[in-house]
Amino acid sequence: MEDQVDQESLVIQLRNAFLQQNLEPFDSRDISKIRNEDRAVLAYLMNSHFNLEKAYNMMTESLKWRKSFGVNDLSKDSFSEELLNDPYLYFKGYGKNGEPLLVLQLQYHKKESEKLPDLKKYIAYLLEYRVGLSKKH
């Protein structure tokens, strides 16, 4: 019970710290998630082992990246049929916390490929869609 209270307190502290900064560098949809969804804030705390400063830095940097990468605007229609049917990129099984595991067989994807930017966006889309960080499909 005490751990639950501590987590709730840290969620409130992290949320408040984030929302007090200049929010211009962030997508309004991500700001809304932070403002309204405890699980979104808790994910940063869990990934930083409940270190408030690390969680804040992680949240700030990742949400800036999400906006610059256009993660919230990605949809299935953003990608070619070839990429959507890539046999070397697929989900298989689940991790210890129940998250789907994404398998990417890199030996079949050339680093210098002109398709690499689309591949990176597709991976971001798959993680967003399958791991459930977004309600958009």
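Tutor: Buried means under 20% relative accessible area. Keep that cut-off in hand. This is a predicted model. In it, Phe-18 has a relative accessible area of 0%, so Phe-18 is buried.

Student: How many aromatic pairs does the structure hold?

Tutor: The structure holds six aromatic pairs. Start with Phe-18 and Phe-26. Their ring centres are 4.8 Å apart and their planes stand at 55°, so this pair is tilted. Phe-26 is buried too, at 4% relative accessibility.

Student: How do I read a plane angle? Take Tyr-125 and Tyr-129: what kind of pair do they make?

Tutor: Planes under 30 degrees apart count as stacked. The planes of Tyr-125 and Tyr-129 are at 5°, so the pair is stacked. Their ring centres lie 6.0 Å apart.

Student: Is Tyr-129 buried or partly exposed?

Tutor: Partly exposed, at 33% relative accessibility. Tyr-125, in contrast, is buried, with a relative accessible area of 7%.

Student: Which residues form the aromatic cluster?

Tutor: Phe-79, Tyr-122, Tyr-125 and Tyr-129 form one cluster.

Student: Rings can also face charges. Which residue lies over the face of Phe-69?

Tutor: Lys-121 does, at 5.6 Å from the ring centre.

Student: Now salt bridges. How many are there?

Tutor: The rule asks for a side-chain nitrogen of Lys or Arg within 4 Å of a carboxyl oxygen of Asp or Glu. The count comes to nine. One of them joins Arg-29 to Asp-27, with the closest N and O atoms 2.8 Å apart. Asp-27 is buried at 12% relative accessibility, while Arg-29 is partly exposed at 36%.

Student: What distance separates N and O in the bridge of Glu-61 and Lys-64?

Tutor: It is 4.0 Å, N to O. Both residues belong to helix 4, residues 52-69. Being three residues apart, they are separated by about one helical turn. Lys-64 is partly exposed, at 35% relative accessibility.

Student: And Arg-39: which side chain does it meet in a salt bridge?

Tutor: That of Glu-37, at 3.5 Å, N to O. Arg-39 lies in helix 3, residues 38-47. Arg-39 is partly exposed, with a relative accessible area of 47%. Arg-39 and Val-11 are 28 residues apart in sequence, but 8.8 Å apart in space, C-alpha to C-alpha.

Student: Which residues are linked in a network of salt bridges?

Tutor: Asp-30, Lys-33, Arg-66 and Glu-128.

Terms used. Residues are numbered from 1 along each chain as its sequence is written. This is a predicted model: local features need pLDDT of at least 70, side-chain atom pairs count only at pLDDT 80 or more; totals for chains, interfaces and linings use all residues. Side-chain values use heavy atoms; hydrogens and water are left out. Rings of Phe, Tyr and Trp (its six-membered ring) pair if their centres lie within 6.5 Å; planes under 30 degrees apart count as stacked, over 60 as edge-to-face and the rest as tilted. Buried means under 20% relative accessible area, exposed over 50%, partly exposed in between (1.4 Å probe, protein chains only). A charge sits over a ring if NZ of Lys or CZ of Arg is within 6 Å of the ring centre and within 35 degrees of the ring normal. Helices (H or I, at least four residues) and strands (E, at least two) are DSSP runs, numbered from the N terminus.
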